[in-house]
Amino acid sequence: MNRIYLKPGKEESLRRFHPWVFSGAIARIDGSPEEGEVVEVYTSQSMFIAKGHYQIGSIAVRVLTFRQDEKIDASFWERRLKVAYTMRKAIGVAQSSTDSPAPLPNNTYRLVHGEGDNLPGLVVDIYARTAVVQAHSAGMHLERIAIANALMKVMESEVENIYYKSETTLPYKADLYPENGFLVGGDENNIATEYGLNFHIDWLKGQKTGFFVDQRENRALLERYAARRSVLNMFCYTGGFSVYAMRGGAKLVHSVDSSAKAIDLTNRNMDLNFPNDPRHAAFAEDAFKYLDRMGDQYDLIILDPPAFAKHRDALRNALMGYRKLNARAFEKIRPGGILFTFSCSQAVSKEQFRTAVFTAAALSGRSVRILHQLTQPADHPVNIYHPEGEYLKGLVLYVE
Ligand code: SAH
């Protein structure tokens with residue numbers, strides 16, 4: 001196996017089980033590993049320290065194991081997936097018929113969350129009887145068939161179809177030519193259930209794996225605040241928050257997204273759950289235009305924009321974007337209103353996001369209290385040795 005030797009002292013983060021080797025930490029490479037191959041990592045003192053997928057780029061190795069005797073074979077994938085599945089059952093998102101008392105039916109959850117499940121570069125979301133697998137590294141792409149086989153074994157009674165969706169998540173330069181498509185099965189039925197509500201999941205063309213599974217608990221919290229309120233769901237995409245607001249007894253719900261496809265999806269999801277309910281309307285329009293022209297009719301506003309900063313260099317503009325967006329909401333929301341505001345940019349820290357929202361609040365001159373500080377749900381766990389894995393930030397604010 002190819003070996004990578006680190007510069008002196010560069011093994012420190014690996015000793016603390018951080019799962020990445022940065023290219024700048026490498027002193028030399030024995031052999032010429034292909035992208036995606038498994039390599040062994042050694043300290044400058046020639047001591048084994050980790051084993052993982054090699055890739056050209058700033059993260060050169062994504063660690064799969066810290067044990068030299070652990071082989072990366074079929075049983076490795078089965079073991080890791082089994083641990084992930086057991087955890088989802090333990091926290092109640094993966095349900096079984098014997099759960100008591102019976103919870104609201106749910107068959108939508110994240111089974112594998114990359115580093116959070118000690119499988120850097122791999123995401124698996126479960127939608128009813130279909131698993132959508134997404135590779136974010138060359139190594140996981142090359143292992144897709146082994147992963148699919150292990151998944152069928154571990155989830156044998158739960159999963160019938162495996163859809164592979166990595167056309168937009170793999171490094172362009174690695175010449176991997178991933179094709180989206182079914183690796184197992186091919187069921188076209190794409191309706192999944194989240195806490196008793198039904199959604200069409202667009203794994204063929206949708207963003208991420210087809211749905212924003214990571215907002216589940218925050219949608220459930222919103223439901224509790226929705227009664228008798230006039231709700232604006234800005235950046236609605238699939239209409240997730242809108243459907244929960246309807247179930248929560250909202251007086252009216254308006255969903256807005258600049259994408260006509262998203263509005264169509266929102267309407268279709270609303271039809272699945274609340275057909276012909278006159279409380280809901282959806283508009284395809286740019287967020288800033290809508291916020292400028294809308295009146296002061298809303299007393300519950302959700303702002304869940306796309307990642308404004310995909311990279312660190314976009315940070316300044318992103319923070320300005322969050323500030324402007326939230327300032328509009330503070331200006332318009334009715335007294336006694338509640339604002340759910342989010343950032344899913346990994347490059348933006350909790351503190352930076354909070355400062356942007358704080359500045360927006362101050363500009364509006366309104367009295368604002370923080371009711372909840374939100375993050376990603378338990379099926380998107382953060383590996384304690386990899387704090388970078390925490391990406392979703394949210395604030396629920398009461399605006400006097
Ligand atoms: N809240 C959603 C996820 C939002 S994803 C959920 O719970 O599922 C971000 C959405 O913002 C995308 O659907 C995208 O089409 C939309 N969007 C991006 N830029 C926009 C803009 N300028 N105005 C309105 N919507 C925008």
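Q: Which atom of the ligand does a polar side-chain atom of Asp-257 lie 2.6 Å from?
A: A polar side-chain atom of Asp-257 is 2.6 Å from an oxygen atom of the ligand. A polar contact here is a pair of N or O atoms within 3.5 Å; within protein, one must be able to donate a hydrogen and the other to accept it, and residues adjacent in sequence count only if both atoms are side-chain atoms.

Q: How much of the ligand does the protein bury?
A: The ligand taken alone exposes 590 Å², and the protein buries 88% of that. Accessible areas come from the Shrake-Rupley method with a 1.4 Å probe, and for residues only the protein chains shown count as cover.

Q: What kind of model is this?
A: This is a predicted model, in which local features need pLDDT of at least 70 and side-chain atom pairs count only at pLDDT 80 or more, while totals for chains, interfaces and linings use all residues. Residues are numbered from 1 along each chain as its sequence is written, and side-chain values use heavy atoms, with hydrogens and water left out.

Q: Back to the ligand: which residues come nearest?
A: Asp-257, Ser-258, Asp-286, Ala-287 and Asp-304 come nearest, out of 16 residues around the ligand. A residue is near if one of its heavy atoms lies within 4 Å.

Q: Where is Glu-285 found?
A: Glu-285 is in the loop between strand E16 (280-284) and helix H8 (287-293). Helices (H or I, at least four residues) and strands (E, at least two) are DSSP runs, numbered from the N terminus.

Q: Which residues does Glu-285 touch?
A: Not counting residues up to four places away in sequence, Glu-285 touches Val-256, Asp-257, Ser-258, Tyr-290 and Arg-293. Contact means heavy atoms within 4.5 Å.

Q: Now Ser-137: buried or exposed?
A: Ser-137 counts as buried because its relative accessibility is 0%. Buried means under 20% relative accessible area, exposed over 50%, and partly exposed in between (1.4 Å probe, protein chains only).

Q: How far apart are Ser-137 and Gln-55?
A: They are 82 residues apart in sequence and 7.6 Å apart in space, C-alpha to C-alpha.

Q: And how many helices and strands does the chain have?
A: The chain has 10 helices and 20 strands.
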